[in-house]
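Please consult the sequence and the structure below while reading.

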Amino acid sequence: MKKVFIYTVATLFFVFLGQAQDIKQAKNAIDAEQYEVAKNTLETITASKPTDGYAKFLLGNVCLLQGDYAAAKKHFDAGISCSTKGNFNYIGLGYIALDKDDVAEAEKYFALATQNSSKKDLEETVYIGKAYTYSDHPNYKKAVEVLSKSRLIDPANTSVLLALGDAYKFNKKQNDAYDCYREAFRLDNTLLRAKMGLGTLIKNAHNFPYALTAFDEVIALNANYGPVYRELAETQYLWALNDARNYDTHIAKGLAFYEKYMSLTDYSLESRMRHADFLILAKDYKALEIEANEMTKIDKVNPRIYRYLGYSAYYNNNFDTAISSLTSYVSDPSNRVIGRDYFYIGAAKVSKGVSLVPIDNSLIDNGILDLKKSFDMSPAIAGELPDLAKKLYEKKLYNQAATVYEIAIANTETKSYLMDNFFFASSVYWACSGIENLSPLQIEQLNKADMALNTIITASPTTQDAYLFKARIQVLLKNNTLVAKNYEDFISAANKKDPAELIKMKSKLIEAYNNLGIIYADTDKVKAKENFGKTLSIDPANQNAIEQLKLLR
């Protein structure tokens, strides 16, 4: 009987040991971003031991990383009732609540997860800190607060240090992040993610050559660690943005590194989606279309594929496919919709509407509504709106162009902010030009245009065309005092330019002098004659000036 008992205990020991090893393998696979490998391992564990709440939690976490909320919630809900470490699954539900921006609900779940934990049980707080860090609605300060308390309890806990380093990094506390990553790697030199974290700080500081060196040090430790190649790819992408002369070279290297990353993780649907995300950044839309079609072979109904098909279709001028694919995607309430999704729907509608004969104004207006929605969700989209506004401007669709430019200038941080203000004002002017009886809305827009030009003048007082359009706008508003002032300011600014530039402004100067002559004809004939004379000094055959001078004699 004793032998049997000893044998049974030994058997159980090896069962638990094997399961622990499987959990460790799954966690290593998650760290290496081999999510399908981790998923398969965890599904095997949960099938063989349904009461293992920790395995359920890790499986739900993998589903979250893959963007499958429904599957993640299913595993977390099931995991709560498990007899072993079921409390971890409340953390998963809290993470989902944070992504929905329901902080109160999240905190309730986090409290349930830790209510029976001792101070020494830090793994729960590590995952809570990660939830605050990586949520769609992150709270880095809260993450730092939670994880800093854990660090005080166990300063040598590398999981705490790594999670705290991430929270500090995203909170732009680079020195604190560096300290955490360095200490974690000192305590465990197999912790490649900590070593890689040091490189990401250098990358974020835009010291790209040193970042590459840091990542090469990770490769020297383990050339098969996939995530480091993703970091190398992203470094080359950022470098490309800061080195326009060598943009194509950097992008080519980045794409090669990403292919390496793919080969070391997997070619699963999720991995292909991460690749597609990088192709969007790299603006390789032909490759994106190929990748999107490969994804449809794996899973024809996965909603995210519609996003990639839509993005690539837009850039390949297949506007109908772009509209239908992305409309299908945003129409599903279970999808995580971002501002860029609506941007491409709107851009496709505008581009299609402009290309049709006759132009489809209704489709364009509908597309502009989508562009506004995209901006409301992601104000950074403003930097991409001027290209679409320009298409409308060139087609003399000035009202629609003005609307798009007005959306763009609501973000004052874009690189083209001043130019967008100018084209907004110009669009409004041309939309109202020639209309005798302006509507209240048109008058309001003209006043907005005048203010936009003031923005330009404040930033760049020598921009002569800003004064010119202010004068033209005041002509429409029939305010002769401001017409005169702005034409005179235009002339003053123009005369400060090089003679070569002045020659190019000949017609604009004639416009200014003639209009000033007409305005002064009723109040100051000397000034009127002087301005018409200046017109004739530029264009001796100018009939308008000649006729006006005859009337003044």
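The sections that follow treat these topics in turn.

The model is predicted, and every value below is computed from it.

**The second largest pocket**

The second largest pocket has a volume of about 380 Å³. Its lining comprises 19 residues, and those nearest the centre are Thr-114, Thr-125, Ile-128, Val-146 and Lys-149. At least two lining residues come from each of the helices H6 (103-114), H7 (123-134) and H8 (140-153). Of the contributors, H8 gives the most, with six residues.

**Helix H19**

Helix H19 spans residues 339-355, 17 residues in total. The distance from its first C-alpha to its last is 24 Å, close to the 24 Å expected at 1.5 Å a residue. Helix H19 is largely enclosed by the rest of the structure, because 14 of its 17 residues are buried.

**Cysteines**

How many disulfides does a search of the whole structure find? The search finds zero. A disulfide requires two cysteine sulfur atoms within 2.5 Å. For Cys-63, the closest cysteine sulfur is that of Cys-82, at 15 Å, and this is too far for a bond.

| Residue | Relative accessibility | Class |
|---|---|---|
| Cys-63 | 1% | buried |
| Cys-180 | 0% | buried |

Cys-63 thus counts as buried at 1%, and Cys-180 also counts as buried, at 0%.

Key:
Residues are numbered from 1 along each chain as its sequence is written. This is a predicted model: local features need pLDDT of at least 70, side-chain atom pairs count only at pLDDT 80 or more; totals for chains, interfaces and linings use all residues. Side-chain values use heavy atoms; hydrogens and water are left out. On a 1 Å grid over the protein atoms alone, a cavity is a set of points where a 1.4 Å probe fits but cannot get out, and a pocket is an open set with protein on both sides within 12 Å along at least five of seven lines; lining residues have an atom within 4 Å of a point. Grid points are joined across faces, edges and corners, and a volume is the space filled by probe spheres set on the points. Helices (H or I, at least four residues) and strands (E, at least two) are DSSP runs, numbered from the N terminus. The expected span of a helix is 1.5 Å times one less than its number of residues. Buried means under 20% relative accessible area, exposed over 50%, partly exposed in between (1.4 Å probe, protein chains only).
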